[in-house]
There are 2 protein chains.
Amino acid sequence: MYDSENDSEPGRGMERENLGSEAPATVRIVDIARMAGVSTATVDRVIHNRGKVSAANLARINAVLQRVDYRPNLIARTLASGRQYVIAVVMPRFAAGEYWADFEAGVAQAEAEARRYNVTVRRYRFDQYDGASFEALLATLRDESFDGAVLATLFAGRVIPFTAELDARGIPYVFVDSDLPACNRLAYCGTSSFDAGAVAARLLCEGLEPGADLVVGKILHRGDGGSNQCRERERGFRDYLERHDFRGELYDVALRLDDEAYNARRLDELFAVHPSVAGAVTFNSTCYILAGYLAARPARRVRLVGYDVIDRNRRMLADGVVTALVAQRPEVQGYRGVMSLCGWLVEGRRPGTVGNLPIDILLKENISYYTNNII
Amino acid sequence: MYDSENDSEPGRGMERENLGSEAPATVRIVDIARMAGVSTATVDRVIHNRGKVSAANLARINAVLQRVDYRPNLIARTLASGRQYVIAVVMPRFAAGEYWADFEAGVAQAEAEARRYNVTVRRYRFDQYDGASFEALLATLRDESFDGAVLATLFAGRVIPFTAELDARGIPYVFVDSDLPACNRLAYCGTSSFDAGAVAARLLCEGLEPGADLVVGKILHRGDGGSNQCRERERGFRDYLERHDFRGELYDVALRLDDEAYNARRLDELFAVHPSVAGAVTFNSTCYILAGYLAARPARRVRLVGYDVIDRNRRMLADGVVTALVAQRPEVQGYRGVMSLCGWLVEGRRPGTVGNLPIDILLKENISYYTNNII
DNA sequence: ATCGCAAGTGTGTGCGCACACACTTGCGAT
DNA sequence: ATCGCAAGTGTGTGCGCACACACTTGCGAT
């Protein structure tokens, strides 16, 4: 046993002790041990609640710990502990060039960085147009072991009860895509979907007469009312219209992902019945569908606003068919989603809960500067 | 010397080597050294460009480094290197309850966290209403040694040339308060001031007739045209008015910080001459001055919008004198400003360049939930 | 009286890297 | 032939912590 407090070790002991009333430069476990008159292992047991410590020592060590306000060096802790962490990323499947491909790029970059912190990223994918596939994935996740999760919140109604399970399991999670403020999430990495709706409304309406009618293009989901993000955007959109004396009509039109002929028929119908339509919007990233239709019919002068800078939308914007795109840097969401969880698990660094990303507005004039760099 | 590649060390060597074509779990300096047939010190010299390595070994080691795509373990590096970093925070002086006090709280929290990474925070303060004091501070900073800087950009015209000096010295810096995109900043932690101006405009105008006149309350600066933030907000504000067919007039009124009598005289004058004024705005955090005046004159029905949730504004909002506050979490700016620089210096982790914070809107109804937590 | 065992306790090692320091080699100057 | 010195090179230690492992102590069972 050490003879505690009053020993003055030679050499570097002197440098660190700083015997005056000064706060010591930094208090380490050895310092605690010396002060409490025990070994570092005993201090370690107390710090980690490993038990096997006598009541007397426990009390003494805790007292010292509290007195010096001990904060472990997280850098050293990470290096020493071989602890492996697994982060589950729950996101949609995608094809190249789709919105979620950019998200995946951010996840991949984070994955590369996180490897050095003993963090592994595991992806779990579902069909973004099929709520049942998401439900099935959640069932899988119940049997999986992981230390944190990044959850795309497309199916809000199914995410919410699942987060309750995660809460019960003590697993932290961060949201991407859209926020669900009612949940106990560690963070949300994304834009304010509601405000992004208002932005689209402003961009769309600024060139139109107040009485003009609008079309809302939608992709139907199997058994669901659309993604939470789209719903929130639509809420913000309609809210803006209300607040700005919009006096026209909004017509929904259900489109299909890869069925140009079908979409053309539906739109022909719509425009035949409502020739007054002067603007159109989509709340997901598929405004290229509407754009493709309109590009082939230049006589129809319809103002078009959509979301997300994916290749097909970018082209339509550059061609002048799309008036504006509202965007949200999916690659940053992927990167930050993983990294914020990583920082929390590894270093105990709590991220800002709602680190809202900027709502980017892309026009023909500035689209060329918009590149998908995390930096 | 080791006999390079083909040795099969006993014990843990086997675990790590992963002799198949698999990517090795993680490549360390010892692995590089073994592969190149040199010692770790020689590898270290190459990695850090310390010289004293023969051309042959240099080439060989570099080849290995490249082949295995070596990435140093930043955690271990930080622990091993006793390197001390100093972050200079250049910010205004403040009294308790002022806007910058909240900012300081965030800096203090970051400081506590950063200490364990061998990072020290040093504050340099200037008078936010006196450009000359800022200039004098910059002169001081030229002789100071630090590894990174957090710069409040109030005096944009003086900040810009200074950042050129920092660039020349190779010192990274992050902006807070308002962004100066033309500069080579590592990051900007704050809101979009321009958009925050538009938000205030919308909040102010939504209850007014298009023809109503407005007052802009201003605190005069010594020898300067107001902070960059305020100017940007005003630009965004005026831009919004233009885009929304505002047909009234804007009257500037110069107020003083602690001179109630003077302010009352000036405002009495103004309202006497322009009884049509129905709205008022300030672009800094002193809307409580206008609010105090209006609270004492309830007959004047003037809609008032201001910035920042400081105590005096909070009270006036709760009392219904202020219609809305636009806010920007200064404590988060302080925290992130320091931490992003810290992460960059210590771990080489590049922050998002423009991590725009959300523009918060506070009304009587939601102000009570708005607390200054970093979390 | 002896043994086994639970409850405590301490020593030693390694995480991957940075860096101080000691050492070797070979060549020019004497 | 010998020395000094520059150019290379390697060994060893420590950063603060986690954790495996060995060890001590005392008490109940025999």
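Q: A salt bridge is a side-chain nitrogen of Lys or Arg within 4 Å of a carboxyl oxygen of Asp or Glu. How many salt bridges does the rule find across the interface of chain A and chain B?

A: This is a predicted model, in which local features need pLDDT of at least 70, side-chain atom pairs count only at pLDDT 80 or more, and totals for chains, interfaces and linings use all residues, while side-chain values use heavy atoms, with hydrogens and water left out. Residues are numbered from 1 along each chain as its sequence is written, and chains are lettered from A and ligands numbered from 1 in the order in which they are written. Across the interface of chain A and chain B, the rule finds one salt bridge. Its partners are Arg243(B) and Glu206(A), with N to O at 3.1 Å.

Q: Which elements of chain A give two or more residues to the side that touches chain B?

A: Helices (H or I, at least four residues) and strands (E, at least two) are DSSP runs, numbered from the N terminus. On chain A, the elements concerned are helix 5 (74-80), helix 10 (228-243) and helix 14 (330-347). This side of chain A divides into 15 nonpolar, eight polar and eleven charged residues; Ala, Val, Leu, Ile, Met, Phe, Trp, Tyr, Cys and Pro count as nonpolar, Asp, Glu, Lys and Arg as charged, and the others, Gly among them, as polar.

Q: What area is buried between chain A and chain B?

A: The size of an interface is often given as the accessible area lost when the parts come together. Here the buried area (lost accessible area, 1.4 Å probe, summed over both parts) is about 3100 Å², and carbon and sulfur atoms give 45% of that. Chain A brings 34 residues to the contact (heavy atoms within 4.5 Å) and chain B brings 35 residues.

Q: How many salt bridges does the structure hold over all chains?

A: Over all chains there are 45 salt bridges. One of them joins Arg123(A) to Glu104(A), whose closest N and O atoms are 2.8 Å apart. This pair links distant parts of the chain, 19 residues apart: Arg123(A) lies in strand 2 (residues 119-126) and Glu104(A) in helix 6 (residues 99-114), both of chain A.

Q: At what angle do the axes of helix 3 and helix 4 of chain B cross?

A: Axes are lines fitted to C-alpha atoms, for helices over the stretch in contact, and angles run from 0 to 180 degrees between N-to-C directions. The axes of helix 3 (residues 40-47) and helix 4 (residues 55-67) of chain B come within 10 Å and cross at roughly 80°. The two helices are therefore roughly perpendicular (65 to 115 degrees; under 35 is roughly parallel, over 145 roughly antiparallel, the rest oblique). Thr42(B), Val43(B), Val46(B) and Ile47(B) of helix 3 meet Leu58(B), Ile61(B), Asn62(B) and Leu65(B) of helix 4.

Terms used: Buried area is the accessible area (1.4 Å probe) that two parts lose on being put together, summed over both.
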